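Please look at the sequence and structure first.

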Amino acid sequence: MNEVIRQNSEILFLYDAKMCNPNGDPDDENRPRMDTDRERCLVSDVRLKRYIRDYLEEMNHTIYVTKSEGLGEAADRLKQVLGHEPTGADLPVLLTKLVDVRLFGATMPIRGERRGAGEAVNLTGPVQFTWGYSLNKVQLVDSVTISSQFSTRATARQGTFGKDYRLYYALIGFHGVISARRAAAMLARAGGDVNAATSEADVALLDEAMLKAIPLLATRSKIGQYPRLYARFVFTDAETFMGDPREDLQLNPAKGLRAVQDFTLELKGLARRLSRVRERLDRVYIWQDAELRTVVDGQEVSMAGWLGYILGPDRVKTLGRT
């Protein structure tokens, strides 16, 4: 039997983007989304969830928000999953089948009990992310014009020109939360069916997707992105959150970067935040890429080793990425 999550978690996720477009803005010629005042690039939570969903689908998990061909509306997807038009009584079955809804929630059009009546079931998932932003100041690649040309055996026609906006380098940070209260609310909506609520197994699957999805699902504009750090802080209860840990991190230097080897990541500021919740922090799951250099007071350390020193080694669990 699945174990429904009963403890809150918070997530710190860093990945970098080199010579690519992390998240194009359709309102600005698909240029990378930017906070122009701070010279930081932005990545929406929707973009991150799309990576996760696509990975889950690649791993043969059934998801609701899919890019499958032939599905024009949400109602079509629900009917495809169930084999019939859904009603309110089907909600536990849908939640059991759809892992992305158990994680992120969704709005699902479900037919009411009376003929002709309809309703939208709104579920707020336990797992939510803020928008990501780069910890460094970024620069757009100077040259953005590209051309394409197709020719036939009969004649060669002049190609077309377009724009290809990219960044030189960005280290992008996301903050996420996993709410045990939201999981309990989902369990209640599912009539107490534990297989229909967010489980520890679901969260472990999320850990896996966070580490593997981005490089495995690269496209032409997204190749050059790799995870560098993932930490999930698990608390002892369903009440505690510690806040956004990105605010405590400092890059040195923070501009003019072109690769992960060009900087160090100072962790010392995170110690104060952790000290406020130390007694309510149950464990930390962590993975760090070998090329990311983390330091405390300028001395190079692994984040797992440093956390083990300040929290106790028994509370730090290292994740693998195979």
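This is a predicted model: local features need pLDDT of at least 70, side-chain atom pairs count only at pLDDT 80 or more; totals for chains, interfaces and linings use all residues.

Q: Which residues of helix α5 are buried?
A: Helix α5 covers residues 180–189. Buried means under 20% relative accessible area. In α5 that label goes to Ala 180, Ala 183, Met 186 and Leu 187.

Q: Within what arc do the buried residues of α5 fall, seen down the axis?
A: The buried residues of α5 line one face of the helix. On the other side, Arg 181 and Ala 188 are exposed.

Q: Which residue with a positive phi follows α5?
A: The phi in question is near 70°. The residue that follows α5 with this value is Gly 191.

Q: Is the pair of Phe 13 and Tyr 230 stacked or edge-to-face?
A: Planes over 60 degrees apart count as edge-to-face. The ring centres of Phe 13 and Tyr 230 are 6.3 Å apart. Their planes stand at 70°, so the pair is edge-to-face.

Q: How many residues apart are Phe 13 and Tyr 230?
A: Phe 13 lies in strand β1 (residues 9–20). Tyr 230 lies in strand β13 (residues 225–235). Both residues are buried. The pair links distant parts of the chain, 217 residues apart.

Q: What is the angle between the planes of Tyr 15 and Phe 174?
A: These two rings form an aromatic pair, 6.4 Å centre to centre. Planes under 30 degrees apart count as stacked. Tyr 15 and Phe 174 are stacked, with an angle of 10°.

Q: Which strand holds Phe 174?
A: Tyr 15 is in strand β1, and the pair ties together parts that are 159 residues apart in sequence. Tyr 15 counts as buried at 1% relative accessibility. Phe 174 counts as buried at 0%. Phe 174 lies in strand β12.

Q: Which residues form one aromatic cluster?
A: The count comes to 5 aromatic pairs. The one cluster is formed by Phe 13, Tyr 15, Phe 129, Phe 174 and Tyr 230.

Q: Over which ring does the charged end of Arg 258 sit?
A: The charged end of Arg 47 sits over the ring of Tyr 51, 3.9 Å from its centre. For Arg 258, the distance to the ring centre is 4.0 Å. That ring belongs to Tyr 168.

How values were computed: Residues are numbered from 1 along each chain as its sequence is written. Side-chain values use heavy atoms; hydrogens and water are left out. Buried means under 20% relative accessible area, exposed over 50%, partly exposed in between (1.4 Å probe, protein chains only). Helices (H or I, at least four residues) and strands (E, at least two) are DSSP runs, numbered from the N terminus. The arc is that of the directions from the helix axis to the C-beta atoms. Rings of Phe, Tyr and Trp (its six-membered ring) pair if their centres lie within 6.5 Å; planes under 30 degrees apart count as stacked, over 60 as edge-to-face and the rest as tilted. A charge sits over a ring if NZ of Lys or CZ of Arg is within 6 Å of the ring centre and within 35 degrees of the ring normal.
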